[in-house]
Amino acid sequence: MTDNRRNVFFFYKKDHELDGHISSLEKLATDQGFQVVKRAEDAHIIASIGGDGTFLQAVRKTNFRDDCLYVGVSKTENSHLYCDFSLEHFDKMIDAMNTEQIEVRKYPIIDVSVDSTNQFHCLNELSIRSSIIKTFVIDVYIDDFHFETFRGDGMIISTPTGSTAYNKSVNGAVVDPMLPCMQVTELASLNNNSYRTLGAPFILSSDRKLTLKVVQDGNDHPIIGLDNEALGTKHVKQIDIGLSGKVIKTVKLKDNSYWEKVKRRFL
Ligand code: NAP
C-alpha cells in the first residue's frame, strides 16, 4: 500500500489485556509510516481487533463506510470469517500492506427499510422473530409478487458472508461472497393444510426486492435483529429488503481465499 491513504483507526472492545497490545500495534503502525487517528471518520483503514462479532460492530459503529478499508484482526490464532490477520502476526499484515501482498475483497451488504422510514444496513443478516410464545404471520413478496404466507417463529435474510452465521445454523447454504445475493431462511415454519411455505432456503439475485408484510393480528411487534444489534421490539407493518449498492471492502492476503477461511473455521 504505497499511496498516502494511511490513516488507521483501531476499533476494539476495551479490556486491560488488550490495552498493552494496542500500544504496541500503534507503535508498529507509526514506525511503518501509518498514522494512527482517534476518530473513525478520519481513517482510511479501520482495523477491528477481536472476532467476527467485533468486526460486525466496527462496521456498524462506523456507518458501513465504503470509502475505507476494514481489516479484521483476531486476538487469538483461532480462525474467524471476517479476520484475515491475527494480533500475533500484525507485523506480517503491515509488511504485506507495504509490499502490495494484499488484495481488496468486497463484501455485499443488504439495505433494510422498516415501514418506509427507517433505513439500515446489515453485513451478516436481518432477522425477524416473534417476541412472544406464539407464531406470527408474514406475507412474503418477491418484486411485489405474493410468494408465500409464512407462519412460524421468524425468518433470516442473510448476505453471502452472513451465510456462515445464523443462516448456517438453520441449514442455509454457505454462499460465495463473490455472488452478490441474499438468502432467505425460515425459523420453524408451520406447515399444514392452512399454511404452506416453500420450506427450503432460497437465494435472490441482487436485482430482486423482498418485502415482508407482518400480518396485523395482534402479534405484530416482532424482534428485529440487524447483525448483532436488536432494533428492539416494535410495531411493524412492512420491511423492504434488497442488496445495497454499497459494499464493505476488506483486505486479504493473496493466498487466503474465502473458502480457505471456511475450511479453517468449520472443517
Ligand atoms: P454471539 O451470539 O456472541 O456469537 C455468535 C457466534 O457467531 C460467534 O462465535 C461469532 O464469531 C460467530 N459469527 C458471527 N458472524 C459470523 C459469520 N459471518 N460467520 C461465521 N461465524 C460468525 O454474537 P456475535 O459474536 O456478536 O455475532 C452476531 C451474529 O451471531 C449474528 O449476526 C448472527 O449471525 C449470529 N447468531 C447466531 C445464532 C445461531 O446460530 N443460533 C443466533 C443468534 C445470532 P466470533 O466468535 O468470531 O465473534
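**Figure 1. Asparagine 167 in helix α4 of the predicted model****.** Helix α4 covers residues 166–169, and asparagine 167 is found within this helix. With a relative accessible area of 0%, asparagine 167 is buried. Leaving aside residues up to four places away in sequence, asparagine 167 touches Ile156, Ser158, Gly162, Gly172, Ala173, Gln183 and Thr185.

**Figure 2. Lysine 168 over the ring of phenylalanine 266****.** The charged end of lysine 168 sits over this ring, 4.3 Å from the centre of the ring.

**Figure 3. Lysine 213 over the face of tyrosine 141****.** Here the distance from lysine 213 to the ring centre of tyrosine 141 is 4.5 Å.

**Figure 4. The largest cavity and its lining****.** A search of the whole structure for cavities of 30 Å³ or more finds one. The volume of the largest cavity is about 40 Å³. Lining the largest cavity are Val8, Phe10, Ala29, Phe34, Ile45, Phe90, Met93, Ile94 and Met97. Strand β1 (7–12) and helix α3 (90–98) each supply at least two residues of the lining. The largest share, four residues, comes from α3.

**Figure 5. The aromatic pair of phenylalanine 10 and phenylalanine 90****.** Six aromatic pairs are found in a search of the whole structure. In the pair shown here, the ring centres of phenylalanine 10 and phenylalanine 90 are 6.1 Å apart and the ring planes stand at 50 degrees, so the pair is tilted. The pair links distant parts of the chain, with phenylalanine 10 in strand β1 and phenylalanine 90 in helix α3, 80 residues apart. Phenylalanine 10 is buried, with a relative accessible area of 6%. Phenylalanine 90, at 3% relative accessibility, also counts as buried.

**Figure 6. The aromatic pair of phenylalanine 55 and tyrosine 70****.** The rings of phenylalanine 55 and tyrosine 70 form an edge-to-face pair, at 6.2 Å centre to centre and with 65 degrees between the planes. Phenylalanine 55 lies in helix α2 (residues 52–61) and tyrosine 70 in strand β4 (residues 69–74), so the pair ties together parts that are 15 residues apart in sequence. Phenylalanine 55 and tyrosine 70 are both buried.

**Figure 7. A cluster of aromatic rings****.** Phe55 and Tyr70 belong to a cluster that also includes Tyr82 and Tyr107. Ring pairs link these four residues.

Conventions: Residues are numbered from 1 along each chain as its sequence is written. This is a predicted model: local features need pLDDT of at least 70, side-chain atom pairs count only at pLDDT 80 or more; totals for chains, interfaces and linings use all residues. Side-chain values use heavy atoms; hydrogens and water are left out. On a 1 Å grid over the protein atoms alone, a cavity is a set of points where a 1.4 Å probe fits but cannot get out, and a pocket is an open set with protein on both sides within 12 Å along at least five of seven lines; lining residues have an atom within 4 Å of a point. Grid points are joined across faces, edges and corners, and a volume is the space filled by probe spheres set on the points. Buried means under 20% relative accessible area, exposed over 50%, partly exposed in between (1.4 Å probe, protein chains only). Contact means heavy atoms within 4.5 Å. Rings of Phe, Tyr and Trp (its six-membered ring) pair if their centres lie within 6.5 Å; planes under 30 degrees apart count as stacked, over 60 as edge-to-face and the rest as tilted. A charge sits over a ring if NZ of Lys or CZ of Arg is within 6 Å of the ring centre and within 35 degrees of the ring normal.
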